[in-house]
Amino acid sequence: MPRHDFRSDTVTVPTPAMRAAIAAAPVGDDVFGDDPSINALQAHVADLLGKEAALFVPSGTMANQVAIRTWTEPGDEIIAEATAHIFLYEGGGFAALSGVSLRQVPGVRGILDPEAVRQAVRPPGGLSHFPVSKLVCVENTANRGGGTVYPVAVLQALGAVAQEEGLKLHLDGARLFNAAVACGRPIAELAAPFDSISVCLSKGLGAPVGSVLVGSRPFIDRAHRFRKMFGGGMRQAGILAAAGLHALEHHVDRLADDHRRARRIGEELSAVKGVSVDLGSVQTNMVYVDVAGTGRDAAQWVALLDARGIASHATSPTSLRFVTHLQIGDDAVDAVLAAFGELA
Ligand code: TLP
């Protein structure tokens with residue numbers, strides 16, 4: 001039975017054409033700055049995002065953690081949305097690796113309100129009691145929000161708040177290309193308000209490994225030191241960069257297909273008895289499905305679907321997540337809809 005893997009867009013495997021690009025990649029020792037494929041990728045992503053420089057790192061987690069460490073000192077505080085990946089899913093790295101506290105600001109569908117961020121900033125130069133607010137972290141798309149996309153005006157307002165309050169602004173853009181495709185704006189426009197941005201090549205874009213951290217030349221020069229400290233200085237990793245360059249050339253526009261398929265899952269499942277989907281949150285390649293009304297919990301649904309060759313992920317006792325990606329076609333979507341039709 002074919003296995004349709006909806007657990008995450010991290011499960012993609014390289015296409016034959018990507019494997020050919022990997023095989024042909026010129027490589028060198030990147031700790032010496034000698035890898036032509038990595039240098040080409042870094043220059044290309046910096047240019048795409050309208051920033052001066054970029055740094056290739058093994059994972060989205062490392063890109064975020066290097067950014068946090070580069071902008072802060074122990075005892076500082078960072079601000080993030082209450083369900084941010086940096087807070088929930090990075091092993092407490094902000095505390096362990098940078099020694100900072102994290103102030104959570106609840107958003108709506110994962111989207112921060114700029115004025116709520118302003119309220120969360122510690123009073124400057126005041127009592128010695130407070131940590132020092134240094135950095136605001138934004139996630140676009142917002143994963144736990146449903147894969148939601150920030151309106152450009154909100155990004156600009158966050159930029160203004162950060163500037164007025166004297167804070168730096170970091171973007172966890174693990175799925176920034178999904179956001180750009182969904183809202184039809186140039187990716188540089190979405191990146192413009194930010195001092196640093198991390199983007200992932202190994203999610204919907206389909207590269208096997210790799211993320212890129214982007215910012216000003218002085219920021220990236222300092223980030224180099226922390227990438228090495230965190231063990232992310234790789235050697236002939238141009239074979240990975242070549243996969244990333246291939247993905248950027250061939251797999252960006254097709255993200256619209258992933259979004260269309262997620263939307264179809266959301267719309268059709270929301271009509272199934274006992275199932276509910278917040279359709280307003282289905283904006284890109286994710287669908288969170290509430291199964292509370294079906295008489296089965298999320299773990300039972302995962303097991304039932306698994307027996308039919310469909311892998312999904314329980315994100316709470318009552319919620320399942322389906323993520324569409326490079327290896328999910330219309331047949332896989334049909335299989336999910338048929339399974340719910342028969343089992344619900
Ligand atoms: N997200 C993964 C899991 O870690 C939850 C997923 O399946 O969605 N930022 C965001 C917004 C992410 O969603 C992820 C991965 C990362 C960063 C981390 O990327 P990696 O896995 O490359 O460290």
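# Briefing: cavities, pocket and helix packing

Of the residues that line the second largest cavity, two are nonpolar, four polar and three charged; here Ala, Val, Leu, Ile, Met, Phe, Trp, Tyr, Cys and Pro count as nonpolar, Asp, Glu, Lys and Arg as charged, and the others, Gly among them, as polar. The structure is a predicted model, in which local features need pLDDT of at least 70 and side-chain atom pairs count only at pLDDT 80 or more, while totals for chains, interfaces and linings use all residues. Residues are numbered from 1 along each chain as its sequence is written, and side-chain values use heavy atoms, with hydrogens and water left out.

**Cavities**

- A search of the whole structure gives two cavities of 30 Å³ or more. On a 1 Å grid over the protein atoms alone, a cavity is a set of points where a 1.4 Å probe fits but cannot get out, and lining residues have an atom within 4 Å of a point.
- The second largest cavity holds about 40 Å³ of space; a volume is the space filled by probe spheres set on the grid points, which are joined across faces, edges and corners.
- Glu81, Thr83, Ala84, Gly110, Glu139, Ala142, Asn143, Arg144 and Gly145 form the lining of the second largest cavity.
- The volume of the largest cavity is about 50 Å³, and its lining consists of Ala174, Arg175, Leu176, Phe177, Asn178, Cys200, Lys203, Gly204, Leu205 and Leu255.
- Helix H8 (residues 176-183) supplies the largest share of the lining of the largest cavity, three residues. Helices (H or I, at least four residues) and strands (E, at least two) are DSSP runs, numbered from the N terminus.
- By class, the lining of the largest cavity has six nonpolar, two polar and two charged residues.

**The largest pocket**

- The largest pocket contains about 320 Å³ of space. A pocket is an open set of grid points with protein on both sides within 12 Å along at least five of seven lines.
- Its lining comprises 22 residues, and His85, Tyr89, Asn143, Arg175 and Lys203 lie nearest the centre of the pocket.
- Helix H3 (60-71), strand E7 (196-200) and strand E11 (313-316) are the elements that give two or more residues to this lining; H3 gives the most, with three residues.
- Four residues of the pocket lining are nonpolar, 11 are polar and seven are charged.

**Helix packing**

- Two packed helices are described by the angle between their axes and the distance between the axes. Axes are lines fitted to C-alpha atoms, for helices over the stretch in contact, and angles run from 0 to 180 degrees between N-to-C directions.
- Helix H1 (residues 16-23) and helix H11 (residues 238-250) have axes that come within 8 Å and cross at roughly 135 degrees. H1 and H11 are therefore oblique to each other; angles under 35 degrees count as roughly parallel, over 145 as roughly antiparallel, 65 to 115 as roughly perpendicular and the rest as oblique.
- The contact (heavy atoms within 4.5 Å) involves Ala17, Met18, Ala21 and Ile22 of H1 and Ile239, Ala242, Ala243, His246 and Ala247 of H11. Eight of these residues are nonpolar, one is polar and none is charged.
- Helix H2 (residues 36-49) also packs on H11, with axes that come within 8 Å and cross at roughly 35 degrees.
- The residues in contact are Ser37, Ile38, Ala40, Leu41, His44, Val45 and Leu48 of H2 and Gly238, Ala241, Ala242, Gly244, Leu245 and Leu248 of H11. They divide into nine nonpolar, four polar and no charged residues.
- H8 and helix H12 (residues 255-270) pack at an angle of about 80 degrees, and their axes are 9 Å apart. This angle makes H8 roughly perpendicular to H12.
- Phe177, Asn178, Val181 and Ala182 of H8 meet Leu255, Ala256 and His259 of H12; five of the residues in this contact are nonpolar, two are polar and none is charged.

**Backbone geometry**

- Most residues other than glycine have a negative phi, and most peptide bonds are trans.
- The peptide bond that joins Asn140 and Thr141 is cis, with omega of about 5 degrees. Thr141 lies in the loop between strand E5 (132-139) and H7.
- Arg109 is not a glycine, yet it has a positive phi of about 50 degrees. Arg109 belongs to the loop between strand E4 (101-105) and helix H6 (114-120).
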